[in-house]
Every structure is written in structure tokens, then in C-alpha cells.
Amino acid sequence: MKQTDVDEILNHISKKFDENVPGVVKMVVRKKISKLQSFQTNSLPNSLKTCTVEDLIDIVKYGLSSGKLKL
């Protein structure tokens, strides 16, 4: 992936995170996000590797609303 694409994605996420998230929530999210840094991409299941971003967002929303995903 090109660096300009990576920068565009990171800027978009940062902007969304800064716009609508209260400070206390940001603190909690930062703690949880740090766990993502320990993920090894080679250990991810194939279903996650081939999943689109849109599908992943829908799956996470479903997991949270159904109680199957606890963050």
C-alpha cells in the first residue's frame, strides 16, 4: 500500500475519533487499541484476512449489540 493511502486512512480515523468522542471515552479506547498493536497478522484467521472493512464494521456492530463481543 502506498504511503499516501496509509496517511489518508490514518487521517480519516483520527478526524472521526477527534470529532465525536468525549475525552473519557478516548482514554478508554486508547487502552483497548493498544492491544491491537500486539496482534500478529500471520496469526489472524483466514476469514478475518479476507474480510472487507465494511464487513468487519458490520460484524463488530453485531458482536457488540448481541453481546458476543465484549470490549
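What pattern does the protein follow when read along the sequence? Here it's α-α-α-α, with four helices and zero strands; both kinds of element are DSSP runs, numbered from the N terminus (helices are H or I, at least four residues; strands are E, at least two). Keep in mind that this is a predicted model, where local features need pLDDT of at least 70 and side-chain atom pairs count only at pLDDT 80 or more, while totals for chains, interfaces and linings use all residues. Residues are numbered from 1 along each chain as its sequence is written, and side-chain values use heavy atoms, with hydrogens and water left out.

**Confidence**
- The average pLDDT (the predictor's confidence in each residue, from 0 to 100) is 83, and 99% of the residues score at least 70.
- Among the elements, α4 has the highest mean at 91, while helix α2 (residues 23-36) has the lowest at 76.

**Overall shape**
- The radius of gyration, taken over C-alpha atoms, is 14 Å, whereas a compact globule of 71 residues would come in near 11 Å. That globule rule is 2.2 Å times the number of residues to the power 0.38.
- Along its principal axes, the C-alpha trace spans about 35 × 35 × 25 Å.

**Helix α4**
- Helix α4 covers residues 53-66, so 14 residues, and reaches 20 Å from first C-alpha to last, close to the 20 Å expected at 1.5 Å a residue (1.5 Å times one less than its number of residues).
- Just after α4 comes Gly67, with a positive phi of about 85°.
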